[in-house]
Amino acid sequence: MPSVDFLPTACDILPAGRTAGDREDEREDLIAKKDVALVIHEGVQALDVAGPLDVFAEANGFLPPEDGYRCLLVADTTQGVLASNGMRLQAHISFAEAARLFHTVLVAGGPTLPARGPDPAMSAWLRQWGVRATRYGSVCTGAFALGHAGLLDGRIATTHWQNAARLAAMFPAALVEHDRIYARDGALVTSAGVTAGIDLALALVSEDYGVAISVACAKRLVVVAQRQGGQSQFSPLLLPPNDPATPLGKIQAHVMAHLREPFPVERLASIAGTSVRSVARLFASEIGITPHDFVESVRIDHARNLLEATDLALKIVAYDCGFAGPEQMRGAFQRRLGLSPLRYRLSFRGSGASGDNSLSAD
């Protein structure tokens with residue numbers, strides 16, 4: 001099986017006696033074979049580490065020895081960190097030892113990272129060396145470490161759908177995309193949750209060595225070379241239930257119980273017992289979406305449940321969820337999830353669906 005080359009110390013790359021200025025002069029030599037620094041920390045998600053590393057390892061198996069990736073796990077200490085699943089991971093070098101250029105720098109995420117404060121050592125290293133890489137970024141919630149280092153300001157970034165709103169609130173100068181599998185903004189690369197790190201790594205391999213190598217890696221790992229749609233397809237409807245006694249609660253309960261009926265904003269106002277203008281303000285301030293978007297989101301969520309759990313024909317699913325027909329449902333799915341209802345069903349039910357899908361073929 002192919003392997004990732006791991007470097008035990010920074011001295012293997014930078015000869016003794018060289019200065020910081022020499023490092024700049026030798027940049028091309030240092031990154032001729034693409035050196036990857038993957039930053040780990042206490043509570044890191046093991047898949048955020050193993051996923052990208054396995055992609056780079058597979059790529060090396062299709063490349064000549066002088067090309068490919070050399071990977072280092074970098075942390076504040078080389079004494080080892082405990083991953084969120086209980087696995088102990090040991091960094092090859094510390095931040096102090098990693099004072100050199102890398103081709104790619106990625107920060108792995110972890111479930112507790114969004115709630116943690118800044119890590120001074122990690123932030124300082126990212127500001128000094130991360131930004132000097134050809135590209136730098138994060139896997140999953142590693143984006144929070146980039147934010148604490150001030151590297152997301154004015155930049156497009158993404159993270160796990162469950163933490164995207166928090167990332168945007170904590171770092172308001174960042175341009176957070178809530179539904180991207182991965183995002184690229186100049187040298188900055190970020191990915192959505194956990195296994196999306198594999199998607200990101202495959203995209204980087206494609207960028208470095210071409211689509212054919214990336215597809216070959218994906219086949220070896222038995223994953224999709226490029227997933228269709230955004231990460232919304234993996235998330236539940238992100239609308240918390242409201243108190244049924246409140247105007248929004250009345251609307252929410254009524255819409256969910258009568259999905260097949262039309263819901264122009266005037267009717268929503270009547271259900272809530274308030275004005276059209278007040279309804280629009282309530283949705284904007286309390287949920288952050290328009291009344292139309294709310295109704296469409298509820299319809300899509302119900303349709304997703306039916307597509308996953310039943311073999312109903314798409315036209316029946318569409319009418320049961322209040323869409324005018326399969327084509328209207330297909331348009332809503334494409335806008336919100338980035339894929340058609342048929343593609344959604346195939347992705348989440350394998351080949352088990354047997355309904356009449358002809359009206360919603362890709």
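Is Gly325 buried or exposed? In this predicted model, Gly325 has a relative accessible area of 9%, and because the limit for buried is under 20%, Gly325 counts as buried. The residue lies in the loop between α13 (314-320) and α14 (326-337). Leaving aside neighbours within four places in sequence, Gly325 is in contact with Ala318 and Tyr319. Lys315 is 10 residues away from Gly325 in sequence, and the two C-alpha atoms are 6.1 Å apart in space.

The whole chain gives the setting for such details. The protein has 362 residues, of which 49% count as buried. Its secondary structure consists of 15 helices and 12 strands. Contacts between residues at least 6 apart in sequence were counted, and 66% of them join residues at least 24 apart. The protein exposes about 16,000 Å², with carbon and sulfur atoms supplying 55% of that area.

Charged side chains come next. Side chains of opposite charge can pair when their charged atoms come close. The structure holds 10 salt bridges. One of them joins Arg70 to Asp35, with the closest N and O atoms 2.8 Å apart. Arg70 belongs to strand β3 (residues 69-75) and Asp35 to strand β2 (residues 34-39), so this pair ties together parts that are 35 residues apart in sequence. Both Arg70 and Asp35 are buried.

Asp35 also meets the side chain of Arg100 in a salt bridge, at 3.5 Å from N to O. Arg100 lies in the loop between β6 (93-94) and β7 (104-107), while Asp35 is in strand β2, so the pair ties together parts that are 65 residues apart in sequence. Arg100 is buried, as is Asp35. The charged end of Arg100 sits over the ring of Phe102, 4.0 Å from the ring centre.

Another salt bridge connects Glu207 with Arg135, where the closest N and O atoms are 2.9 Å apart. Here helix α7 (residues 196-209), which holds Glu207, is linked to strand β8 (residues 135-138), which holds Arg135; the two residues are 72 apart in the chain. Glu207 is partly exposed, with a relative accessible area of 43%, whereas Arg135 counts as buried at 1%. Arg135 and Glu207 belong to a network of salt bridges that also includes Arg184 and Asp208.

A search of the whole structure finds seven aromatic pairs. Among them, Tyr69 and Tyr209 are edge-to-face, with 5.7 Å between centres and 90° between the planes. Tyr69 lies in strand β3 and Tyr209 in helix α7, so the pair ties together parts that are 140 residues apart in sequence. Tyr69 is buried, with a relative accessible area of 0%. Together with Phe56, Tyr69 and Tyr209 form one aromatic cluster.

Phe283 and Phe294 have ring centres 5.3 Å apart and planes at 45°, so the pair is tilted. Phe283 is in helix α11 (residues 276-286) and Phe294 in helix α12 (residues 291-309), 11 residues apart. Both Phe283 and Phe294 are buried.

A last stop is Thr158, in the loop between β9 (156-157) and α6 (164-170). Thr158 counts as buried, at 0% relative accessibility. The side chain of Thr158 reaches the backbone oxygen of Glu177 at 2.7 Å.

Note on methods: Residues are numbered from 1 along each chain as its sequence is written. This is a predicted model: local features need pLDDT of at least 70, side-chain atom pairs count only at pLDDT 80 or more; totals for chains, interfaces and linings use all residues. Side-chain values use heavy atoms; hydrogens and water are left out. Helices (H or I, at least four residues) and strands (E, at least two) are DSSP runs, numbered from the N terminus. Buried means under 20% relative accessible area, exposed over 50%, partly exposed in between (1.4 Å probe, protein chains only). Contact means heavy atoms within 4.5 Å. Accessible areas come from the Shrake-Rupley method with a 1.4 Å probe; for residues, only the protein chains shown count as cover. A salt bridge is a side-chain nitrogen of Lys or Arg within 4 Å of a carboxyl oxygen of Asp or Glu. A polar contact is a pair of N or O atoms within 3.5 Å; within protein, one must be able to donate a hydrogen and the other to accept it, and residues adjacent in sequence count only if both atoms are side-chain atoms. Rings of Phe, Tyr and Trp (its six-membered ring) pair if their centres lie within 6.5 Å; planes under 30 degrees apart count as stacked, over 60 as edge-to-face and the rest as tilted. A charge sits over a ring if NZ of Lys or CZ of Arg is within 6 Å of the ring centre and within 35 degrees of the ring normal.
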